[in-house]
Amino acid sequence: MDDQNLNSYEEIFTKKIIKTGRWTLLGAIPLCLLPALYLWFKYGAIPPVKTILTAWFMIASIYGVEYFATPISYFPILGMSGTYMSFLSGNIANVRVPCAVVAQDVIGVKGGTNEGELVATLGIAGSIITNLIVVTIAALAGNVLIPYFPPVVMKAFDYVLPAIFGALFSLFAVKYPKYGIFGMAISAFLVIVIGVLPTWLVVPLCSFTTIGYAIYSYRHRKLQDEH
Amino acid sequence: MKDYLEIANDPILWVMAIPAVVMVGIQAYLFSRRAFEASKVTTLSKEQCRKAFKVGAVSAIGPSLSVFVVMLGMMAVIGGPVTWLRLSFIGAAPTELTASTIGAKAMGVEFGSPEYDVTAFASSVWTMTLNGCGWLIFCGLFTHKLDRLQDRVAGGDAVLMEQICGAAILGTASYLVMSNSQAGFDRFVAALVAAIVMVLLGKVSEKAPKLKEYNLGISMIAGMIVAVLI
């Protein structure tokens, strides 16, 4: 692609997405406070400020690092617009990442390209709509629908996550077997051998050491080709 | 005394949850529209853009349904409206449950116990809300900075960039498979079967490209079935 097109992609997409992404995320903050404020004004139901601060401190001590560690870890997969969308809509590892990646695979575009970013954006948008529909149906009619799910189906739901992650892994392990083996070895080491590290540390460690290994082996191959 | 549940299911509370949920939908709409517009300066066709959206929508059915089950459990304790908002929004079921529990603890009661009253419920809501805001603030302010970081690492080398994406997916997926497998042999089997079926389907869909968009769903179901059977 020539510079002309790159520049216009910047203009048409990147700059506008930053603007939209910023106001939708920051604008969502007052909106998500509405239920808490309503409980306060209508029913006087509000814990003492000190309790809220204590709870905030406690929850931030668990997730505080993830506020920046998760966006950074998933950024190479989601791209910029995917990050704006995923961190408003949530369910990142189990819904947004697989949907973005599968959309790219089906359309046949590469991650890290402009085409890849657009396809990931649309794949994530599609997944958000599905998610909103399912969650809304569950909220309105869940209790009525649940008897229609036989116990064996309920049990099978336990395996959705490992199955999705297994499929996602092999989709790419076929393309980059060496990185796949490296990723598995490093996560086995961190999860099974060491085992005490918190999630916010293990996820970026697995992702970034595998990236590091990929960069190293890519540069190494390039050097060898030059000789 | 479970009368707080009446408040937790107050119809006006539903109305209060609507704006945040609608914002998620609006953002998805705006971003898709921009992506369609921007596709003109890339090699993507409108048809491919529509297809990308559809693949995302179809692939999300399985994982969204799994949220469905957790959701019903959450609704029993924190009511419909707040569950609806929190699961349409940043965070996922485990995060929200942890936050609700901590909100209750800060009030000195157990989450879901008979002592869990309307103030404890409000405390859970505040904790979930403030926790979610952590991501909104960081990503709202700094996402565009991450872009430059990545450009600097790859130095404009498109092949390297692609490899970085692939390695990031493999590193993350490896961890997710590993931590899930650790929770039980049956989960490991689900991951393994899904992985094998995905490879096989990848080979098949070289000949039948139409099949490709269902590969993830089929692999997932295969993994689930075998794991239930063993």
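Contact here means heavy atoms within 4.5 Å. Keep that cut-off at hand for the tour. This is a predicted model, in which local features need pLDDT of at least 70 and side-chain atom pairs count only at pLDDT 80 or more, while totals for chains, interfaces and linings use all residues. Residues are numbered from 1 along each chain as its sequence is written, chains are lettered from A and ligands numbered from 1 in the order in which they are written, and side-chain values use heavy atoms, with hydrogens and water left out.

**Stop 1: chain A**

You will find nine helices and zero strands; both are DSSP runs numbered from the N terminus, with helices being H or I of at least four residues and strands E of at least two. The C-alpha atoms fill a box of roughly 75 × 45 × 40 Å along the principal axes. Of the 227 residues in chain A, 55% are buried, where buried means under 20% relative accessible area, exposed over 50% and partly exposed in between, with a 1.4 Å probe and protein chains only. Among contacts in chain A between residues at least 6 apart in sequence, 63% join residues at least 24 apart.

**Stop 2: Leu88(A) and Leu25(A)**

Now pick Leu88(A), in helix H3 of chain A. It is buried, at a relative accessible area of 0%. Leaving aside neighbours within four places in sequence, Leu88(A) is in contact with residues of both chains, including Thr24(A), Leu25(A), Ala28(A), Met23(B), Phe89(B) and Leu136(B). For a distance check, take the C-alpha atoms of Leu88(A) and Leu161(A): they are 73 residues apart along the chain and separated by 21 Å.

Move on to Leu25(A), in helix H1 (residues 3-43) of chain A. Leu25(A) is likewise buried, with a relative accessible area of 0%. Beyond its neighbours within four places, Leu25(A) has contacts that include Tyr84(A), Gln27(B), Cys139(B) and Gly140(B). Draw a C-alpha to C-alpha line from Leu25(A) to Tyr84(A): the pair is 59 residues apart in sequence and 7.4 Å apart in space.

**Stop 3: Asn91(A)**

Select the loop between helix H3 (66-89) and helix H4 (92-107) of chain A, where Asn91(A) lies. Most residues other than glycine have a negative phi. Asn91(A) is not a glycine, yet has a positive phi of about 50°. Asn91(A) counts as buried because its relative accessibility is 2%.

**Stop 4: the interface**

Show both chains together. Here 134 residues of chain B are in contact with 150 residues of chain A. The area buried between them is about 13100 Å², with carbon and sulfur atoms giving 79%; buried area is the accessible area (1.4 Å probe) that two parts lose on being put together, summed over both.

Which side chains meet in a salt bridge? Zoom in on Lys222(A) and Asp157(B), at 3.4 Å from N to O. The count between the two chains is one salt bridge, defined as a side-chain nitrogen of Lys or Arg within 4 Å of a carboxyl oxygen of Asp or Glu. Next, select helix H7 (residues 118-154) of chain B, which gives the largest share of the side of chain B that touches chain A, 26 residues.

**Stop 5: Glu96(B)**

Finish in helix H6 (residues 93-106) of chain B, the place of Glu96(B). Is this residue, Glu96(B), buried or exposed? Glu96(B) is buried, with a relative accessible area of 2%. Not counting residues up to four places away, Glu96(B) touches Met74(B), Arg86(B), Leu87(B), Ile90(B), Gly91(B) and Met128(B).
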